[in-house]
There are 2 protein chains.
Amino acid sequence: MERRAFVRGAGLAGVLAAGIAPAVHAQANIRWRLASSFPKSLDTIHGAADTLAKAVGEMSGGRFQITVAAPGEIVPAFGVDDAVSNGTVEMAHTAPYYFVGKDETFAFGTAVPFGLNMRQNMAWKMDGNGMKLMNEFYASRNLVAFVGGDTGAQMGGFWRREIKSLADLKGQKMRIGGFGGRIMERIGAVPQMIPGGEIYQALERGTIDAAEWVGPYDDEKLGLQRVAPFYAYPGFWEGGAQLEFWVNKRAYDGLSAENKAILETAATHAATVMTARYDHRNPAALKKLVAGGTRLFRFPKDVMDAAFKASQEVYAEISGKNPAFKKVHDDYMAFRRDANLWFRFSEASFDDFMQQQRL
Amino acid sequence: MERRAFVRGAGLAGVLAAGIAPAVHAQANIRWRLASSFPKSLDTIHGAADTLAKAVGEMSGGRFQITVAAPGEIVPAFGVDDAVSNGTVEMAHTAPYYFVGKDETFAFGTAVPFGLNMRQNMAWKMDGNGMKLMNEFYASRNLVAFVGGDTGAQMGGFWRREIKSLADLKGQKMRIGGFGGRIMERIGAVPQMIPGGEIYQALERGTIDAAEWVGPYDDEKLGLQRVAPFYAYPGFWEGGAQLEFWVNKRAYDGLSAENKAILETAATHAATVMTARYDHRNPAALKKLVAGGTRLFRFPKDVMDAAFKASQEVYAEISGKNPAFKKVHDDYMAFRRDANLWFRFSEASFDDFMQQQRL
């Protein structure tokens with residue numbers, strides 16, 4: 001809803017200096033609904049939408065308000081793409097890779113196995129071609145996307161036994177979806193899709209052997225460590241998992257320039273706060289897990305090498321069939337190469353030294 | 001300047017539904033000046049203030065405008081603290097550690113040797129106690145601070161010859177200031193303060209043996225590689241260098257809640273864009289340097305170990321004399337310990353694997 005109103009500040013210093021407030025077209029009483037793909041129990045992720053909504057409300061002086069809905073309140077977690085496309089809701093907060101079943105290109109909005117880490121993701125999206133390419137892809141679905149937070153490198157899940165070699169992985173039933181599942185399948189594991197709420201029981205009963213979720217802060221709350229004490233790293237299928245805010249294109253186009261700027265800036269703010277929360281809260285959660293008996297193990301080199309090789313094969317196959325995927329893939333992978341060349345020097349050598357100290 | 005105006009959206013849905021736009025107190029025609037400590041030639045850093053100003057102007061519909069001044073236009077680069085404190089300008093964009101000569105506590109606003117990396121800095125500031133503690137410290141100087149961007153881990157400067165051991169460092173005259181200089185002095189080097197514009201000539205003439213600046217993107221533009229071909233890493237004195245936006249407290253208190261939110265959100269946005277720019281542009285600059293003959297070398301372990309030990313001594317000495325420093329130090333270092341424990345697992349092992357691949 002738009003309203004004509006009666007205030008203006010910019011560009012009319014002379015008029016204002018004379019004490020006269022001239023007329024302006026300001027939008028008042030914008031009420032939007034945002035459908036989140038994430039339950040409130042994932043407070044860090046779900047909270048990013050709350051952060052955005054709060055910032056938009058405050059910055060607009062209450063003239064632009066967004067209500068955040070949990071999965072199922074308006075649409076299901078995995079129905080948010082259609083809901084935003086067709087305007088059932090104006091916005092969503094989601095992980096684009098949930099929709100790779102419709103088009104694999106969605107994956108680059110979140111993460112692909114052996115993809116970019118958090119900082120590389122943000123660099124590619126915000127200063128490289130990332131958001132531009134993704135928005136070209138989203139345009140046909142009436143979506144306009146903004147950054148929505150990054151979890152950082154995820155962990156490799158809880159396992160009932162330690163994986164010491166590629167042979168150990170053979171036949172292991174693991175709760176893992178999307179591209180990660182496709183890679184796991186190629187190297188011998190058996191990927192399973194199980195909703196978050198059913199993981200604990202499946203792992204306890206031995207219906208599955210392993211399950212990945214996010215990282216220490218979220219994982220610890222699920223309690224999987226009590227039924228599968230081995231905690232793997234790194235989660236190579238999500239070296240930096242990005243969420244995005246999606247906006248219905250018609251709703252977006254109807255916003256004033258002022259409200260467009262408010263929305264975009266609030267998205268960056270919410271994304272940055274979300275990552276800061278993970279990076280601040282994961283350390284304490286990891287300490288708690290380890291103190292409680294969780295045993296960390298690193299995926300062995302033959303697993304990593306086989307998975308990396310499988311990922312390259314998968315990307316080549318999809319690129320041969322899906323031109324939209326190939327277009328984003330080629331740009332993403334060129335930056336992956338350069339970024340890893342740079343990050344191995346100062347960043348990695350500094351971090352490596354610090355991690356070896358008794359602090 | 002505040003103005004009474006005539007628009008309102010929030011909280012009065014009933015009135016609005018009737019088509020009547022009620023009165024509201026909105027601030028119009030706020031005009032602020034921001035003094036940057038950074039020359040326009042550092043486009044990535046200087047640009048963060050431009051990003052903030054643009055976002056504030058757009059989000060307020062032009063009712064809140066900030067003009068960015070380069071060093072010397074209003075106040076010198078290192079005079080921005082007093083200028084904001086006493087209200088000569090409403091805002092600054094600076095590196096707090098420029099002011100360690102007045103109080104060492106300022107250092108934690110930017111970086112200390114062997115301190116937090118970029119993500120840890122943001123986690124400490126935005127979800128930990130960081131900004132809260134720094135703002136307690138700044139309050140006596142009438143400053144209110146917000147995040148202002150991070151360069152990432154800086155490089156260790158250009159050297160006329162490669163440093164292969166701690167013995168090689170003895171007597172080397174290096175352009176380096178602040179805490180980094182104090183550490184370098186303790187381990188045998190001779191720190192020098194030379195303005196950015198004079199570094200090239202001093203290095204060419206052999207007046208100094210080495211000079212640190214920022215990272216590949218900025219360093220390459222200075223051209224130091226032509227007179228000192230050895231490029232060291234990591235810049236252990238700046239594992240993640242944070243800038244901040246400083247606001248005069250009285251000016252800040254005079255803002256409406258709406259404009260306070262606009263300012264804070266724009267700061268996070270500008271900070272995030274700045275880091276994304278560095279992370280996206282450093283890789284190409286490093287390739288260019290290496291293609292041009294620059295030779296990278298890693299500071300040897302005995303240099304790193306001696307510098308780390310010296311840093312611990314320096315922090316203990318200052319903590320014994322400066323209670324404000326000790327208060328921030330203890331919180332910062334507790335998080336440094338936990339954060340490095342966590343980051344060594346998924347983040348570091350993922351990055352390490354990726355950096356070893358032929359991509």
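Student: How many residues of chain A are in contact with chain B, and how many of chain B with chain A?
Tutor: In this predicted model, 91 residues of chain A touch 90 residues of chain B.

Student: What area is buried between the two chains?
Tutor: About 8,300 Å². Carbon and sulfur atoms give 66% of that area.

Student: And salt bridges across the interface, how many?
Tutor: The rule finds 12. One of them joins B:Arg277 and A:Asp127. Their closest N and O atoms are 4.0 Å apart.

Student: How many residue pairs are in polar contact between chain A and chain B?
Tutor: The count is 19, with both residues at pLDDT 80 or more.

Student: Which element gives the largest share of chain A's side?
Tutor: α12(A), with 19 residues. Other elements supply at least two residues each, including α13 (301-321) and α14 (323-343) of chain A.

Student: How does that side divide into nonpolar, polar and charged?
Tutor: Into 42 nonpolar, 27 polar and 22 charged residues.

Student: New topic: chain B's open sheet. What's the strand order?
Tutor: β2-β1-β3-β10-β4, five strands with mixed pairing. β2 (64-69) and β4 (143-150) of chain B are the edges. Neighbouring strands are turned by 25° on average, direction ignored.

Student: Do β1(B) and β2(B) pair parallel or antiparallel?
Tutor: Parallel, over 6 bridges. B:Ala35, for one, has B:Ala69 in β2(B) as its bridge partner.

Student: Which helix packs on the sheet at about 165° to β2(B)?
Tutor: α2 (residues 43-59) of chain B. Helix α12 (257-291) of chain B also lies across β1, β2, β3, β4 and β10 of chain B. α12(B) runs at about 25° to β4(B).

Definitions and conventions
Residues numbered from 1 in each chain as written. Chains lettered and ligands numbered in written order. Predicted model: local features only at pLDDT ≥ 70, side-chain atom pairs only at ≥ 80, totals over all residues. Heavy atoms only, no water. Pairing = 2+ DSSP bridges. Helix = DSSP H or I, 4+ residues; strand = E, 2+ residues; numbered from the N terminus. Axes fitted to C-alpha atoms, helices over the stretch in contact; angles between N-to-C directions. Contact = heavy atoms within 4.5 Å. Buried area = accessible area lost by both parts, 1.4 Å probe. Salt bridge = Lys/Arg side-chain N within 4 Å of Asp/Glu carboxyl O. Polar contact = N/O pair within 3.5 Å; in protein donor to acceptor, adjacent residues only side chain to side chain. Nonpolar A, V, L, I, M, F, W, Y, C, P; charged D, E, K, R; others polar.
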